[in-house]
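Welcome! Let us walk through a protein model together, starting inside one chain and ending where two chains meet.

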Amino acid sequence: MITILAQAGGSFFRHRSNKPSCVEDNGICPSWAIHHLDRYWPRLWEHVQLVLISTVIGFAIAFALALLAHRRRWLVPPITNVTGILYTIPSVAAFFLLLPITGRGTLTAVIALASYTLLIFFRNIIDGLDGVPAEAVDAGRGMGFTDRQLLWRVELPLAIPTILAGLRIALTTTVGLAALAFFAGAGGLGEALNSQKEFQTNVIVAGGMCVVLAAVLDASVLLGQRLLTPWSKARSPA
Amino acid sequence: MDRSSAPGGPLLVNSTNTAQPEGPSPHPKAATLELRHVSKRYPGTDRPAITDLSLEVPAGDICVLVGPSGCGKTTAMRLVNRMIELSGGDILLDGSSIRERRPAELRRHIGYAIQQIGLFPHQTVADNIATVPRLLGWDKDRIRARVDELIALIGLDPELVRRRYPGQLSGGQAQRVGVARALAADPPLLLMDEPFGAIDPINRMNLQNEFLRLQNELRKTVVFVTHDIDEAIKMGDRIAVLKEGGVLAQYAPPAELLMRPADEFVAGFVGADAALKRLALGRVSEVKLRPAPEIRDGEPPAAARERARDAGLPYPLLVDEAGRPSAWLRDGGEQAPVLHLAPDEVLRNALDGLLRSEVQYAAVLNGDGRARGVLSVGAIHDFLASEEQG
């Protein structure tokens with residue numbers, strides 16, 4: 001650690017005195033990063049696509065499973081177990097296991113990443129629906145909502161905060177895991193990172209983009225939640 | 001044409017329909033409700049939750065289901081809107097069976113208010129109240145007008161409350177909104193399960209009074225569930241006392257329930273102070289008064305004393321020039337203060353006044369201030385005794 005800092009400090013000073021030597025010395029080179037940002041944009045875009053497609057597919061599947069299990073409670077344990085097993089398979093192993101079936105490419109990565117999100121989404125949707133006040137459900141049914149109307153107008157809206165909490169975890173996790181998608185030949189920021197993994201500036205730029213992407217996605221879900229659930233902050237002792 | 005007065009079943013029973021679907025009526029429609037040999041048994045239990053329950057609720061009456069916990073009163077109420085399905089017997093709403101209507105459709109025409117209120121936390125007060133009108137497909141302007149009308153009806157300010165979320169209401173306000181929501185589509189029948197249960201006693205009394213005032217205008221048929229006999233006596237036109245297993249112990253108006261309990265169970269349930277509870281329901285005007293032996297100042301007292309004795313009263317009643325009672329005239333000529341009562345005074349309060357006054361007789365006054373007659377503890381006793389015999 002100390003040697004790395006020393007190196008960084010050293011390269012910093014040399015960088016000031018002798019610009020071209022920063023890259024050669026494997027230093028942290030902001031000007032290089034700024035001049036070579038173009039090469040990262042396609043990778044970032046791939047990464048965003050991987051994350052969004054996987055999350056959307058994972059959410060859709062988990063949502064369908066959760067709605068199925070919501071009225072048939074006995075389905076909850078088996079679905080939790082199966083998605084739990086998918087969740088525990090190391091992602092790199094999942095990529096390699098899928099390669100012979102789906103081949104190298106985005107499809108393989110998306111299948112693996114989406115299956116990772118299933119457990120997170122499923123549990124949060126079920127928890128969210130379970131957390132809906134029983135008396136609101138009883139009142140809704142007693143006023144003449146059908147099961148479907150009750151689900152879409154009362155239960156799901158009230159489950160939104162818990163569901164979105166799951167979405168935040170799933171997005172952040174997937175941004176991290178998608179950095180390994182290059183093993184499946186799906187590109188992404190991991191590809192950029194891996195291509196010059198000895199070059200510190202490259203590692204910092206690619207890794208930094210992952211962190212920023214995760215933060216931006218997280219913040220946008222948080223903003224979405226504010227807009228979708230105006231009631232949750234509207235509380236005052238009357 | 002109003003759908004609620006033309007239920008999904010066959011239209012053979014219109015003669016018993018008290019609703020007036022066409023033309024303005026002084027009172028909004030109310031439905032008759034009849035439970036016929038209703039029973040409910042849950043699978044896997046050895047004892048039924050409801051056993052052969054039959055009762056009729058006339059249109060516009062409040063029927064209170066009361067009993068100890070586990071007596072099936074909430075179950076009985078929830079059978080009416082098919083939140084729980086019947087095992088046997090039938091329930092008729094305006095003469096037609098609830099079995100013939102789809103549960104969700106049936107419920108939209110029956111108001112529903114529960115103890116925990118169950119307002120939707122994610123919807124504003126206005127949206128909560130608009131729930132059933134929206135399910136029934138009312139247009140926006142009609143819903144908006146109805147929502148404001150109801151908020152005003154429950155004594156809140158539409159401007160202030162309309163856009164609030166339930167989390168921003170006090171307990172009492174939330175209960176009121178719950179009642180407004182149940183009334184939104186003007187249903188002919190209202191089911192209320194301990195609607196004022198989760199509220200402190202003072203607020204609870206206010207809510208009860210407000211609801212009775214509302215009911216005076218609306219004249220809905222109401223099924224009201226409570227475990228509190230005092231609330232039952234206060235709210236009910238008729239009270240059904242249930243005992244364990246959903247067995248009907250007695251179904252009667254409050255006064256009859258108090259003065260002529262059907263069995264030991266009912267007597268025990270109404271409590272040791274049944275007579276005082278009965279007096280809380282009665283007015284002075286219901287009691288047979290004795291004639292007032294009036295005497296004017298300066299008149300010779302002998303004849304008046306004679307009349308007082310004949311009426312069973314100890315002293316003549318001294319009246320002023322306008323004929324208004326001013327005092328009792330004791331035998332020695334000195335005066336004792338006289339208690340004045342209005343004919344619509346509650347009997348329980350009148351008895352309290354009698355017991356605390358120097359002479360335990362009171363002058364009941366007409367609007368003009370003159371004596372209508374004399375009320376005594378004995379007269380109240382006779383009143384209660386006549387009811388005990390029926």
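This is a predicted model: local features need pLDDT of at least 70, side-chain atom pairs count only at pLDDT 80 or more; totals for chains, interfaces and linings use all residues.

Two residues are in contact when they have heavy atoms within 4.5 Å of each other.

**Inside the cores**

Which residues touch the most other members of the largest nonpolar core? They are Ile129(B), Phe211(B) and Leu375(B), in a core of 81 residues. Helix 7 of chain B, residues 171–183, gives this core its largest share, six residues. Take Phe211(B) as your example: leaving out residues up to four places away in sequence, Phe211(B) touches Ile62(B), Val179(B), Leu190(B), Met192(B), Phe196(B), Val222(B) and Met235(B). Another core, of 38 residues, lies apart from the largest one, and Leu171(A), Leu189(A), Ala206(A) and Val221(A) are among its members.

Now look at helix 1 of chain B, residues 73–80, where seven of the eight residues are buried. They are Lys73(B), Thr75(B), Ala76(B), Met77(B), Arg78(B), Leu79(B) and Val80(B). After this helix comes Arg82(B), with a positive phi near 60°.

Helix 12 of chain B covers residues 274–281, and its buried residues are Ala274(B), Lys277(B), Arg278(B) and Leu279(B). An α-helix has 3.6 residues a turn, so residues three or four places apart point the same way. What do the buried residues of helix 12 of chain B pack against? Their partners, also in chain B, are helix 9 (229–235), helix 10 (254–259), helix 11 (264–270), helix 14 (347–356) and helix 15 (377–389).

**Loop residues worth a look**

Ile117(B) is not a glycine, yet its phi is positive, near 70°. Asp186(B), another residue that is not a glycine, has a positive phi of about 55°. Ile117(B) sits in the loop between strand 6 (110–114) and helix 3 (125–129) of chain B, and Gln123(B) lies in the loop between strand 6 and helix 3 of chain B. Asp186(B) is found in the loop between helix 7 and strand 7 (189–193) of chain B.

| Residue | Relative accessibility | Class |
|---|---|---|
| Ile117(B) | 16% | buried |
| Asp186(B) | 23% | partly exposed |
| Gln123(B) | 15% | buried |

**Where the chains meet**

The size of an interface is often given as the accessible area lost when the parts come together. Here chain A and chain B bury about 2100 Å² between them, with 66% of it on carbon and sulfur atoms.

Between chain A and chain B there is one salt bridge. It joins the side chains of Asp138(A) and Arg78(B), with 2.7 Å from N to O. Six residue pairs are in polar contact between the two chains.

Terms used
Residues are numbered from 1 along each chain as its sequence is written. Chains are lettered from A and ligands numbered from 1 in the order in which they are written. Side-chain values use heavy atoms; hydrogens and water are left out. Buried area is the accessible area (1.4 Å probe) that two parts lose on being put together, summed over both. A salt bridge is a side-chain nitrogen of Lys or Arg within 4 Å of a carboxyl oxygen of Asp or Glu. A polar contact is a pair of N or O atoms within 3.5 Å; within protein, one must be able to donate a hydrogen and the other to accept it, and residues adjacent in sequence count only if both atoms are side-chain atoms. A nonpolar core is a set of buried Ala, Val, Leu, Ile, Met, Phe, Trp, Tyr and Cys residues joined through side-chain atoms within 4.5 Å. Buried means under 20% relative accessible area, exposed over 50%, partly exposed in between (1.4 Å probe, protein chains only). Helices (H or I, at least four residues) and strands (E, at least two) are DSSP runs, numbered from the N terminus.
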